[in-house]
Amino acid sequence: MTRAQAQDVVDLLLQQHEQIRSLFAQVESADGERKRDAFHQLVRLLAVHESAEEQVVHPAARDGAGDAVVDARLHEEDQAAHVLSELYDLGVDSPDFDARFAEFEQAVLAHATHEEQEEFPMLRRTTDPDRLRRMAGAVRTAEALAPTRPHPAAGESRASNLMAEPPLAIFDRLRDAVRDWRQSQQD
Ligand SMILES: [Fe+2]
Ligand SMILES: [Fe+2]
């Protein structure tokens, strides 16, 4: 078994939480094109990450963590997708962007901390390790279908100003793909 196959879904999600924290810091420390690029990477990663959690991880956590905890996380993810869409519409150059982005960061990082403290440890305790490894397929499925980064050599500035798909369309598409993947599994 390769190392990648041995990673379970919680390993992958925890790695992504670190990448998410790092991208927030990059957006905050960059300007212009680099800021926009980091923001678009954040949109992409959050769409991959939250789709896998919503469709596969939270449902599996319901029994152990309880409905109240899972429903709270789902609500936060739904809110986050809409705020992300508003930030995208605003654009990184808007004078209002930084303040709203800082609020968004606080909400997303609090959400991730809740998952790390309340949900993931319980999921590891109550779920068969083989099943947790299979569930990593949800993250890989979303990752494989997420938009690729625009090629800088294309020299088209508009390509980096706008993503080919707006954030909510990416979230919807990846959610559907992970749902199809889940339904194809005989779990
Ligand atoms: Fe989440
Ligand atoms: Fe998460």
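Which Phe residues form one aromatic cluster? In this predicted model, the cluster consists of Phe24, Phe39, Phe97, Phe101 and Phe104. Six aromatic pairs are present in the structure. One of them joins Phe39 and Phe101 in an edge-to-face arrangement, with 6.2 Å from centre to centre and 70° between the planes. Phe39 belongs to helix H3 and Phe101 to helix H5 (residues 97–126), so this pair ties together parts that are 62 residues apart in sequence. Both Phe39 and Phe101 are buried.

Phe101 also pairs with Phe97. Here the rings are stacked, their centres 5.3 Å apart and their planes at 15°. Phe97 and Phe101 are four residues apart in helix H5, and therefore about one helical turn separates them. Phe97, like Phe101, is buried.

The metal site was examined next. The iron ion (ligand 2) has four protein donor residues: His17 and His49, each through NE2, and Glu53 and Glu115, each through OE. These donors lie 2.1 Å from the iron ion (ligand 2). The angles among the four donor atoms run from 80 to 173°, and the site is classed as irregular. A tetrahedral assignment would require all angles to lie between 85 and 135 degrees. Along the sequence, the donor residues of this ion follow the spacing H-x31-H-x3-E-x61-E. His17 is located in helix H2 (residues 9–29) and His49 in helix H3 (residues 32–65), so the two histidines tie together parts that are 32 residues apart in sequence. His17 and His49 are both buried.

The structure contains one cavity of 30 Å³ or more, and the space in the largest cavity amounts to about 30 Å³. Its lining is made up of Leu46, Glu50, Ala80, Ala81, Leu84, Phe104 and Phe171. Phe104 is also a member of the aromatic cluster. At least two lining residues come from each of H3 and helix H4 (67–90). The greatest contribution is that of H4, which supplies three residues. By residue class, the lining comprises six nonpolar residues, one charged residue and no polar ones.

Terms used: Residues numbered from 1 in each chain as written. Chains lettered and ligands numbered in written order. Predicted model: local features only at pLDDT ≥ 70, side-chain atom pairs only at ≥ 80, totals over all residues. Heavy atoms only, no water. Donors = N, O, S within 2.8 Å, 3.2 Å for Na, K, Ca; no water. Tetrahedral: all angles 85-135°; square planar, octahedral: opposite > 155°, others 65-115°. Buried < 20%, exposed > 50% of the residue type's maximum accessible area, 1.4 Å probe, protein only. Phe/Tyr/Trp six-rings, centres within 6.5 Å; stacked < 30°, edge-to-face > 60°. 1 Å grid on protein atoms, 1.4 Å probe; cavity = no way out; pocket = protein on both sides within 12 Å on 5 of 7 lines; lining within 4 Å. Points joined across faces, edges and corners; volume = space filled by probe spheres on them. Nonpolar A, V, L, I, M, F, W, Y, C, P; charged D, E, K, R; others polar.
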